[in-house]
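Here are my notes on the model you sent over.

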Amino acid sequence: MKLIANGDDFGISKGCNYAIVDCYRNGILSSTSMMPNMDYVEHAAALMKENPGLSVGIHFNLTVGKPLTNCPSLCKEDGTFNKGMLKESSHVKEEEIYQELQAQYDRFVEVTGQKPHHLNSHHGICLIKGAEKIQLELAEKYELPIREMFTMKMGTFKGKVKFGCTKMPNVPFDGSYNTPETLMNAFSEEELQSDEIFEFACHPGYVDYDILQISSLTEGRAYDAYLFTCDEVKNWVKANHIELTDYRSLK
């Protein structure tokens, strides 16, 4: 089996940035997804350049922080993104989504000096009216692989990549957090012996002041950082001859 171990939310806070890099240097993490509109994206880009082997894509975001463009239909009165769009988005202007996601792509290229290796999204923004179509248009425009969306039937996307993270929520619905067992029990023996590519995505992070201000996922990030660096998981990868890879390996 080939495994893309991906850390989302690169750029959301310094603590999360440092954890993602630690998981790459000292664990099994092989890929990360950057949030180009967040305050610590330049810090993330600097760490990326210090670790050129780390595969980095874009984590499109319409729910946290401030936009890069003027998009009033996507925002609350304070100018930050309106997360409520995930439940009700009939008022949203699709051209504003396109302009904002295009701006996030351009910002990524500006701060990193390179094209991203993949696309995915924060909070499943495909649930917002028009966002699924626009993300697919950008994936096609830039010839990039994209993570399966919540709105798609599993296994149907033309990229023909199976994703381990679709087998379970990133954070279990019962309120518990990911553990080494979460990852090791995610795959059948048949899958472990196959030549297929899977993705397991979670949110490694060290809890700092900034993440406490903007995210309800706090302690869970520390659990994810441990999951990707602990000896138990590293030994499981070795014992099952799992090849750690990233989106650059996809044709």
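1. Let's start with a charged pair: Arg147 makes a salt bridge to Glu199, with the closest N and O atoms 2.8 Å apart. (A salt bridge here is a side-chain nitrogen of Lys or Arg within 4 Å of a carboxyl oxygen of Asp or Glu.) Arg147 sits in the loop between H4 and H5 and Glu199 in strand S5 (residues 197-202), so the contact ties together parts that are 52 residues apart in sequence. Helices (H or I, at least four residues) and strands (E, at least two) are DSSP runs, numbered from the N terminus.

2. Before going further, keep in mind that this is a predicted model: local features need pLDDT of at least 70, side-chain atom pairs count only at pLDDT 80 or more, and totals for chains, interfaces and linings use all residues. Residues are numbered from 1 along each chain as its sequence is written, and side-chain values use heavy atoms, with hydrogens and water left out.

3. Asp8 belongs to strand S1 (residues 2-10), while Arg147 is in the loop between helix H4 (131-141) and helix H5 (180-184), 139 residues apart. Through shared partners, Asp8, Arg147 and Glu199 join into one network.

4. Glu42 is in helix H2 (residues 41-50) and Arg107 in helix H3 (residues 94-112), 65 residues apart. A search of the whole structure turns up nine salt bridges.

5. On to the rings. The structure has four aromatic pairs, where rings of Phe, Tyr and Trp (its six-membered ring) pair if their centres lie within 6.5 Å; planes under 30 degrees apart count as stacked, over 60 as edge-to-face and the rest as tilted. One of them is Phe187 with Phe198, edge-to-face at 5.3 Å centre to centre and 70° between the planes. Phe187 is in the loop between H5 and helix H6 (189-192) and Phe198 in strand S5, eleven residues apart.

6. Why is the pair of Phe187 and Trp236 called stacked? Their ring centres are 6.4 Å apart and their planes are at 20°, so the pair is stacked. Trp236 lies in helix H9 (residues 231-239), so this pairing ties the H5-H6 loop to a part 49 residues apart in sequence. Phe187 counts as buried at 6% relative accessibility and Trp236 at 9%. Phe187, Phe198 and Trp236 form one aromatic cluster.

7. Last, helix H1 (residues 14-26). Its 13 residues should span 18 Å at 1.5 Å a residue, and the end C-alpha atoms are 18 Å apart, which agrees; the expected span is 1.5 Å times one less than the number of residues. In H1, Gly15, Cys16, Asn17, Ala19, Ile20, Val21 and Cys23 are buried. Their cover includes S1, strand S2 (31-34), H2, helix H7 (209-214) and helix H8 (219-229).

Methods:
Buried means under 20% relative accessible area, exposed over 50%, partly exposed in between (1.4 Å probe, protein chains only). Contact means heavy atoms within 4.5 Å.
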